[in-house]
Amino acid sequence: MNLHLFLQMVIDGISTGAIVALVAVGLSLVFRISRFVNVAHVDLATIGAYVTLLFASTLAFPFPLAVAIGVVAVAALGFLTYRLVYRRLRHERAITLIIASVGVAFFLRYFVTFIWGSNQLAFELPLMRAYRFAGFRISPYDLMIIVATLAVFIALHMTLRYTAFGRALRAVSDNPSLARVAGVASERVISWMWLIGAALAGLGGILLGIKAVLTPYLGWQLLLPTFAAVIFGGVGSVTGTLAGALIIGIVGELAAIYWLPTYRTAAIFGVIVLVLLIRPQGLFGTKAVAK
């Protein structure tokens, strides 16, 4: 095995895993507080990329400003879907909410197709030479993705761990009835969680759009890796989701080089199955949340 090539694939995998981590942690937080898998979450990532494209390319806004608008727009859209659809069904069975989220996913995907068409599009970003250090290379965009993801995760961890909002979130997710009795504004906490989860999905979709072409199925290709990262890392665990997503990204890159690119998904899920056989609750999850 070529050690240099191995380490280069690890670096590339961290960049890919960082994008998956952003989308996955949003999904995990929404699941933790709403108790269902929101299939439409990955399509919010697609919306984020296309809104950014609209403001950056069509309206000629500076790219960082277009990114900020894209994130805010997706956060608002995620909150809107919660208020119009999921909040009205929150007392129904989880399968009802999942089916509703599938319907929302298809609506968002065909909305993108109707507005922008199905052709491949791309951000008009300048080509930049890769940085080189110790014989390894990393593109400025990959480095930016990794730094941005780490900054978001540190901010999220600090917020959830050390603020009153974080304590309220844990109280609502553990026992909503008890939290209400204790004076926690549950509805406000849930609304903020949907806003944050959707914003993370939007940012993830924008960063993926920097590395790949935009199609209405941009977010759809994140569906399996995102779900896998949530389960692999432990449902509801921010740290676990980040670790799970990075491992998935690295395993995928190594499988593409040392096996075949078409077997990338099989390699990822093979590793996940092995880990779950040992820890069914995931790397950092708890048995109570996993159930």
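This report walks through the nonpolar core and the salt bridges of the structure above.

## Before you start

The model is predicted, so local features need pLDDT of at least 70 and side-chain atom pairs count only at pLDDT 80 or more, while totals for chains, interfaces and linings use all residues. Residues are numbered from 1 along each chain as its sequence is written, and side-chain values use heavy atoms, leaving out hydrogens and water.

## The core

Let's begin inside. The largest nonpolar core holds 78 residues, and Leu 29 and Tyr 86 have the most contacts inside it. Such a core is a set of buried Ala, Val, Leu, Ile, Met, Phe, Trp, Tyr and Cys residues joined through side-chain atoms within 4.5 Å; buried means under 20% relative accessible area, exposed over 50%, and partly exposed in between (1.4 Å probe, protein chains only).

Beyond its neighbours within four places in sequence, Leu 29 is in contact (heavy atoms within 4.5 Å) with residues including Leu 156, Met 193 and Val 238.

## The salt bridges

The whole structure has five salt bridges, each a side-chain nitrogen of Lys or Arg within 4 Å of a carboxyl oxygen of Asp or Glu. In one of them, Asp 43 pairs with Arg 109, with the closest N and O atoms 2.9 Å apart. Asp 43 and Arg 109 are both buried.

Glu 187 has a salt bridge with Arg 83, at 3.7 Å between the closest N and O atoms, and one with Arg 87, at 3.1 Å. Shared partners join Arg 83, Arg 87, Arg 90 and Glu 187 into one network. Glu 187 is partly exposed, at 23% relative accessibility.
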